[in-house]
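Hi,

Here is the structure I said I would pass on.

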Amino acid sequence: TSCANDLIKYLCRDGSSDEMIFDTKDIFEKFYSNIIALTVLGVGTSCDYSDKSKVHEIACKINNNLTSFWGSVKILILNHFPSIVKFLPVHIFESSIHEFFQDHVIDEIKRRERKNIENRRDFLQHVLEMRKESAKSFDWNDGELITAQVMSFFTAGFSTTSTLFQASCYELAKNAKIQNEM
């Protein structure tokens, strides 16, 4: 709810104007970045929609890496020729993306364990709980595995979710009847 409240505050920041123009793609990308930062990474960021947060910057880099020509070629190689990957250093993401997540995930887990923080309701807290229960299916002590899971949340939903929000707003703006029903 804090992300939604920040978004509402931003959209209502200038109540003197009846018409306001927004870059909905940019706003919803930032909104989704904040939701993921809060629910996956446990980062309670206050979203400043006028500037890019580090999390939003990383999410945009991920999207660019996946949708670029070379990103597509790398995915093709990884999917169809996995044995080549053993001999060639093929990585989908820039090293700065991996380092950001690796550093944040490991640091946050260490901080929570050191301070005995157990009341968070996010992905990392679930990982810590599974570590205690010694889940057999995954090695939840493996920082690389945890980082990969966190990165998959960003990868899976950044563009699709922000595009869905954008299309929904467009349809609502076109249909006053539906707006009134809501």
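Below is what I found, going from the overall fold to single residues.

**The big picture**

Keep in mind that this is a predicted model. The protein is made of nine helices and has zero strands, so the order from the N terminus is simply α-α-α-α-α-α-α-α-α. There are 182 residues, and 31% of them count as buried. Of the contacts between residues with a separation of 6 or more, 59% come from residues 24 or more positions apart. The exposed surface comes to about 11,700 Å², with carbon and sulfur atoms supplying 56% of that area.

**What is inside**

The largest nonpolar core has 24 residues. Phe101, Val105, Leu124, Val150 and Phe154 are the ones with the most contacts inside that core. Helix 2, helix 3, helix 6, helix 7 and helix 8 (143–174) each give two or more residues to it. Apart from this core there is another one, of six residues, including Cys3, Tyr10, Ile27 and Phe31.

Not counting residues up to four places away in sequence, Val105 touches Leu41, Leu124, Ile146, Thr147 and Val150.

Val55 is another one to look at. This residue sits in helix 3 and is buried, with a relative accessible area of 8%. Leaving aside neighbours within four places in sequence, Val55 is in contact with Ser33, Ala37, Phe100 and Phe154. Leu41, one of the residues that Val105 touches, is 14 residues from Val55 in sequence, and the two C-alpha atoms are 9.8 Å apart.

**A buried glutamine**

Is Gln125 buried or exposed? Gln125 belongs to helix 7 (residues 123–132), and its relative accessible area is 3%, so it counts as buried. Its side chain has a polar contact of 3.5 Å with the side chain of Arg112. Beyond the neighbours within four places in sequence, the residues in contact with Gln125 are Arg112, Ile117, Glu118 and Arg120.

**Salt bridges**

Side chains of opposite charge can pair when their charged atoms come close. Searching the whole structure turns up six salt bridges.

Two of the pairs are in helix 2 (residues 24–41):

- Lys25 and Glu29 meet at 2.6 Å, N to O. They are four residues apart in the helix, so about one helical turn separates them. Lys25 is partly exposed at 43% relative accessibility, whereas Glu29 is buried at 8%.
- Asp26 and Lys30 have their closest N and O atoms 3.0 Å apart. These two are also four residues apart in helix 2, which means a separation of about one helical turn. Asp26 counts as partly exposed at 21% relative accessibility, while Lys30 is buried at 5%.

Which parts of the chain does the pair Glu94 and Lys61 link? The N to O distance in this salt bridge is 4.0 Å. The pair links distant parts of the chain, with Glu94 in the loop between helix 5 and helix 6 and Lys61 in helix 3 (residues 54–67), 33 residues apart. Both partners count as partly exposed, Glu94 at 37% relative accessibility and Lys61 at 24%.

There is also a network: Glu108, Arg111, Arg112 and Asp122 are joined by salt bridges that share partners.

**On the surface**

Phe87 is in the loop between helix 5 (82–85) and helix 6 (95–115), and with a relative accessibility of 71% it counts as exposed.

Cheers

Definitions and conventions:
Residues numbered from 1 in each chain as written. Predicted model: local features only at pLDDT ≥ 70, side-chain atom pairs only at ≥ 80, totals over all residues. Heavy atoms only, no water. Buried < 20%, exposed > 50% of the residue type's maximum accessible area, 1.4 Å probe, protein only. Contact = heavy atoms within 4.5 Å. Areas by Shrake-Rupley, 256 points an atom, 1.4 Å probe, with all protein chains shown as cover. Polar contact = N/O pair within 3.5 Å; in protein donor to acceptor, adjacent residues only side chain to side chain. Salt bridge = Lys/Arg side-chain N within 4 Å of Asp/Glu carboxyl O. Core = buried A, V, L, I, M, F, W, Y, C linked by side-chain atoms within 4.5 Å.
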